[in-house]
Amino acid sequence: MNAVGIDVSKGKSMVAALRPMGEVALLPQEFLHTGVGLEQMAYAILALGEDTRAVIEATGRYHEAVAAALHEYGIYVCVLNSLYIKQSGGGSIRKVKTDKVDAMKIAKYGLDNWVELREYTPMDAIRQQLKLCSHQYNHYMKTVVSLQNNLISLADKTFPGVNELFSSPERADGHQKWVDFVMTFWHCGCICRVSEKAFTKRYQKWCKRKGRESKKRSRLLCKHNTWP
């Protein structure tokens with residue numbers, strides 16, 4: 001029974017292996033994340049024997065290439081959240097972090113939790129990518145809503161209710177008509193200071209330039225504001 005601990009960092013990994021009773025099966029070695037480096041890592045692990053499991057501590061996106069490469073060589077790979085290792089008592093009070101020590105800690109965790117190690121599959125990487133995309137999308141939507149609410153708050157000081165005057169759906173590029181409108185007609189005075197006929201002509205030109213339909217919205221805009 002060989003438990004391989006792999007401490008992954010950017011561009012390289014530290015690999016060590018332990019057997020029961022604390023026997024060191026593989027002294028800590030560093031392998032680069034290149035085609036040759038990953039191949040050497042795989043052969044070093046395969047040389048330990050059939051009853052071998054590699055435990056990788058998930059580190060951002062760096063671990064994905066390592067896990068996928070070892071899986072292709074037929075090695076039993078388990079990718080773990082670093083929190084599991086810390087909660088198991090594998091953490092240290094040492095302030096100085098060394099990759100060699102961390103690789104041994106990960107290997108020890110593999111021995112202590114041998115029967116609970118779940119094998120990595122390529123689907124795990126896809127699942128993680130989908131979760132990341134979902135997280136980024138949710139963050140993006142929260143940012144959009146926050147910025148939109150902020151713009152509405154600012155617009156209410158110069159052009160109250162302008163965001164409620166348009167019913168056009170959002171375009172494929174994400175643009176909303178009222179947002180485009182307020183970028184040009186940022187104050188209600190932009191309408192009130194000219195005649196209805198003059199504004200209607202200007203509004204229709206604006207719609208044509210922006211590739212939007214006017215839909216006789218100019219009269220509604222005029223009525224919405226106090227006409228001189």
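Which element gives the most to the lining of the largest pocket? I looked this up before anything else. H5 does, with 7 residues.

**Ground rules.** I am working on a predicted model, where local features need pLDDT of at least 70, side-chain atom pairs count only at pLDDT 80 or more, and totals for chains, interfaces and linings use all residues. Residues are numbered from 1 along each chain as its sequence is written, and side-chain values use heavy atoms, with hydrogens and water left out.

**Pocket.** I noted the terms before the values. The search runs on a 1 Å grid over the protein atoms alone. A pocket is an open set of points where a 1.4 Å probe fits, with protein on both sides within 12 Å along at least five of seven lines. Lining residues have an atom within 4 Å of a point. Points are joined across faces, edges and corners, and the volume is the space filled by probe spheres set on them.

The largest pocket holds about 600 Å³ of space. I find 23 residues in its lining, and Ala58, His63, Val79, Asn81 and Gln128 lie nearest the centre. Helix H2 (62–72), strand S5 (76–80), helix H3 (82–90) and helix H5 (122–158) are the elements that give two or more residues to this lining. Helices here are DSSP runs of H or I with at least four residues, strands are runs of E with at least two, and both are numbered from the N terminus. By class, the lining has 8 nonpolar, 7 polar and 8 charged residues. Nonpolar covers Ala, Val, Leu, Ile, Met, Phe, Trp, Tyr, Cys and Pro; charged covers Asp, Glu, Lys and Arg; the others, Gly among them, are polar.

**Whole chain.** I count 9 helices and 5 strands. The order along the sequence is β-β-β-α-β-α-β-α-α-α-α-α-α-α. Of the 228 residues, 36% are buried. My cut-offs are under 20% relative accessible area for buried, over 50% for exposed, and partly exposed in between (1.4 Å probe, protein chains only). Among contacts (heavy atoms within 4.5 Å) between residues at least 6 apart in sequence, 59% join residues at least 24 apart.

**Helix H4.** Buried in H4 are Asp102, Ala103, Ile106, Ala107, Tyr109, Gly110 and Leu111.

**Pro28.** I found Pro28 in strand S3 (residues 23–32). Is Pro28 buried, exposed or partly exposed? Pro28 is partly exposed, because its relative accessible area is 25%. Beyond its neighbours within four places in sequence, Pro28 is in contact with Met14, Val15, Ala16, Lys100 and Met104. Pro28 and Lys100 sit 72 residues apart in sequence, yet 5.6 Å apart in space, C-alpha to C-alpha.

**Met21.** I checked the loop between strand S2 (12–19) and S3, where Met21 sits. Its phi is near 70°, a positive value in a residue other than glycine. Most residues other than glycine have a negative phi. Met21 is exposed, with a relative accessible area of 87%.

**Glu72.** Glu72 is exposed, at 70% relative accessible area. Glu72 and Ala42 are 30 residues apart in sequence and 9.4 Å apart in space, C-alpha to C-alpha.
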